[in-house]
Amino acid sequence: MGQHRSASASKLLGLDGFEILAAQVVGGEWQLEVQTTATAVGCQGCGVRAELHGRRRVQVRDLPIGGRPVVLAWRKRLWRCQEPACEVRTWTEQTAAIRPRAVLTQRARAEGCRRVGKDAHAVAAVARDLGVGWATIMRAVADHGRPLVDDAARLEGVATLGLDETTFLKATRVAPTRYVTGLVDLEGGRLLDVVADRTRAAVHSWLDARPPAWLAQVGTVALDPWRGYASALVAPLGHARVVVDHFHAVRLANTVVDQVRRRTQQATLGHRGRKRDPLYRIRKLLLTAAEQLTQQGRVRLRAGLAAGDPTGEVAAAWQGKELLRAVYAAVGMPAARAALDRFYRWCDAVGVPELSRLAGTVRAWEAEVLAFHATDGCSNGSTEAVNLLIKKVKRVGHGFRNFANYRLRLLLHCGVRWQTHQTARLRGRYPRLVA
Ligand SMILES: [Zn+2]
């Protein structure tokens, strides 16, 4: 395109109220000379038609076109009121598409927010693609993302609430590990919120902020039995059924298997697990559900235990884990009750300290463990959804130092429904492309 206006080029740019005056590629980037289509405006003070007083050139970055970065050189008009008696003298034109002193167009800022939020791309990568700084993208994420996250409708319709803690920041030499508690809609599989800390108070104040109608429709709460969550729930969610779900119980039992394995390694070898140590080599097999083990896996598991577990304590812990899993796999309450008794008898008989502690915890939470069998809404499917969210949380959360940013990023990634354009298939039975 040359130095003359082109209606189709302007249409291609698709920036409402703007037209292209000239376009050229400079250093691999589109340099587009643009102006607004507002050629006649009235004075804001008196309404008299204004006259053109001059132009100012403003440069902003926009969305790429055809894979090329784009710089818009906006020839911004300065207007002057022609009415001598009017107090308004001159002003520069304004547009919603490009805010005063902006580095990016509004739509590029919105796209930056979508890529960081929905797609969980790194801020630095998006900044590089759009040709701006890290802080510019982070501001765009905050400006466009906060209204989505603050939208009250986002929290509607929760019948099963899941609570889970996750690591926010790994410990460093100068700071301890920090945790956050995630609140999850287990049926919708979405993150409702994250609160700093894993204390009862943190969960309680979040629940306190919910309207009574919201709390009333929560029928089931699934939680990690290790925390003070249950007591935080008593007042606001006293009507709800509290469940220790499959996911949390198995995670707990797996922790016990790991603890016994490490203690045994230390006792038999005098050091922590190394690559060639028999127990270290089967550490993942030990945590695999028994019915998921392949024939070869079972053989390796037995061989590893025979070589590295002289006291049989690791095998006993593994059996305890499987017996607790059986409580969840049981069909119906009587069968679950019987499975639970088998678990207790085993833990009491083998006398492995870590396993005895696990049995003590399960006893303290027995009603909530068995309640799993009284709920349909707390199935394995939903606990898997939580698991998935936790993985996302950790992946996205890598390297965060600021909780507000972290929360925003997490909620944009797994707590917000994005309205995005659905592309039609170009080749198919119903092509939508019309000449
Ligand atoms: Zn005027």
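In this briefing, a residue is called buried when its relative accessible area is under 20%, exposed when over 50%, and partly exposed in between, with a 1.4 Å probe and protein chains only. By that scale Arg75, at 31% relative accessibility, counts as partly exposed. The structure is a predicted model, in which local features need pLDDT of at least 70 and side-chain atom pairs count only at pLDDT 80 or more, while totals for chains, interfaces and linings use all residues. Residues are numbered from 1 along each chain as its sequence is written, and side-chain values use heavy atoms, with hydrogens and water left out.

**Overall composition**

- The protein chain holds 17 helices and ten strands; helices (H or I, at least four residues) and strands (E, at least two) are DSSP runs, numbered from the N terminus.
- Of the 435 residues in the protein chain, 45% are buried.
- The protein chain has an accessible surface of about 23,300 Å², and carbon and sulfur atoms account for 51% of that surface; areas come from the Shrake-Rupley method with a 1.4 Å probe, and for residues only the protein chains shown count as cover.
- A contact means heavy atoms within 4.5 Å. Among contacts in the protein chain between residues at least 6 apart in sequence, 58% join residues at least 24 apart.

**Salt bridges**

- Side chains of opposite charge can pair when their charged atoms come close. Here a salt bridge is a side-chain nitrogen of Lys or Arg within 4 Å of a carboxyl oxygen of Asp or Glu, and the whole structure contains 21 salt bridges.
- Glu33 is partly exposed, with a relative accessible area of 21%.
- Arg77 and Glu93 also meet in a salt bridge, at 3.9 Å from N to O. Arg77 is in strand 4 and Glu93 is in the loop between strand 5 (90-92) and helix 2, and the two are 16 residues apart. Both Arg77 and Glu93 are buried.
- The side chains of Arg115 and Asp129 are joined by a salt bridge of 2.8 Å, N to O. Arg115 lies in helix 2 and Asp129 in helix 3 (residues 123-130), so the bridge ties together parts that are 14 residues apart in sequence. Arg115 counts as buried at 17% relative accessibility, whereas Asp129 is partly exposed at 40%.

**A positive patch on the surface**

- Lys275, Arg276, Arg281 and Arg300 gather in a patch of positive charge on the surface.
- Patches are made of residues with over 30% relative accessible area and no salt bridge, and like charges are joined within 9 Å. Lys and Arg count as positive and Asp and Glu as negative, while His and the chain ends are not counted. The place of a charge is taken as NZ of Lys, CZ of Arg, CG of Asp or CD of Glu.
- Lys275 sits in the loop between helix 8 (246-269) and helix 9 (278-281). Lys275 is exposed, with a relative accessible area of 69%.

- Arg114 is placed in helix 2 (residues 106-117) and is buried, with a relative accessible area of 19%. Not counting residues up to four places away in sequence, Arg114 touches Asp119, Trp418 and Thr420.
- Arg101, in the loop between strand 5 and helix 2, has a phi near 65 degrees, a positive value in a residue other than glycine. Arg101 counts as exposed at 80% relative accessibility.
- Ala120, in the loop between helix 2 and helix 3, has a positive phi as well, near 55 degrees. Ala120 is partly exposed, with a relative accessible area of 27%.

**Surroundings of Phe343**

- Phe343 belongs to helix 13 (residues 333-350) and is buried, with a relative accessible area of 0%.
- Beyond residues up to four places away in sequence, Phe343 touches Gly320, Leu323, Leu324, Leu358, Ala359 and Val362.
- Phe343 and Arg325 lie 9.4 Å apart in space, C-alpha to C-alpha, and 18 residues apart in sequence.

How values were computed. Patches are made of residues with over 30% relative accessible area and no salt bridge: like charges are joined within 9 Å, nonpolar side chains (Val, Leu, Ile, Met, Phe, Trp, Tyr) within 5 Å.
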